[in-house]
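The structure comes first, and my entries come after it.

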Amino acid sequence: MNFIFLGPPGAGKGSLAVKVAQDYKIPHISTGDIFRAAIKNQTPLGVKVKAIIDSGSLVSDDITCALVKERLAEADCKNGFILDGFPRTIPQAEALETFCPDVTVVNFTIADEVVVGRLSTRRVCKKCGENYNIVSVKPKVEGICDKCGGELYQRDDDKPESITHRMEVYREQTEPLIAYYRQKGKLQDIAAEKQTAEVLAEFKTRF
């Protein structure tokens, strides 16, 4: 199946995407990964993207969509994929329809106060990027990563004032997308307030 995952910061869609990708044996694709791979491989589009990013500009919808189209044509996508972070806008969604109309959009729903609670208690390893939570997923030793022994810290965008701003930006950008896909009958909601394992179990019963 071809999935698009939508959900606000803190909904846990990234963690879920990793697990679904493993269990369903399909790639988890983010635009960031696509950009990095294209730049590393020095594809014609990758060279363009590097020049744009180096100049401090934003990559246009046209180029982003062309990169996504190129990525979805690769062999590992033949049995499906998860798109995470694309599309972000209605024009991007419309472009995706032209080369990949068969998608199931999963919208992970979660209350604002739960998001603030989750993100403000998240800690990230400076070395390996592993995520912890000082309430629900504590490291064995406070402030130290179980995996690599790196120092855990709180990202600036996980502070309450930043979280509120991120939620506002998400609503502004993504709510039109939710309406767009709901109108097309392609969107299904899954409540994301439970633990990842429970959300994953519900996902598997439905898809």
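**Entry 1, ground rules.** I noted that this is a predicted model, in which local features need pLDDT of at least 70 and side-chain atom pairs count only at pLDDT 80 or more, while totals for chains, interfaces and linings use all residues. Residues are numbered from 1 along each chain as its sequence is written, and side-chain values use heavy atoms, with hydrogens and water left out.

I searched the whole structure and found 18 salt bridges, a salt bridge being a side-chain nitrogen of Lys or Arg within 4 Å of a carboxyl oxygen of Asp or Glu.

I looked up Asp 112 and Arg 171, whose side chains meet in a salt bridge at 2.6 Å, N to O. This pair links distant parts of the chain, since Asp 112 lies in helix H6 (residues 112-120) and Arg 171 in helix H7 (residues 160-183), 59 residues apart. Helices (H or I, at least four residues) and strands (E, at least two) are DSSP runs, numbered from the N terminus. Asp 112 is partly exposed at 31%, and Arg 171 is partly exposed at 32%.

The side chains of Lys 126 and Glu 151 meet in a salt bridge at 3.6 Å, N to O. Lys 126 sits in the loop between strand E5 (122-125) and strand E6 (131-133), and Glu 151 in the loop between E6 and strand E7 (152-153), 25 residues apart. I recorded Lys 126 as exposed at 53%, whereas Glu 151 is partly exposed at 46%.

How do the axes of helix H4 and helix H5 cross, and at roughly what angle? The axes of H4 (residues 61-72) and H5 (residues 90-99) come within 10 Å and cross at roughly 35 degrees, where axes are lines fitted to C-alpha atoms, for helices over the stretch in contact, and angles run from 0 to 180 degrees between N-to-C directions. With contact meaning heavy atoms within 4.5 Å, I listed the residues involved, among them Val 68 and Leu 72 of H4 and Leu 96 and Phe 99 of H5.

Definitions and conventions:
Buried means under 20% relative accessible area, exposed over 50%, partly exposed in between (1.4 Å probe, protein chains only).
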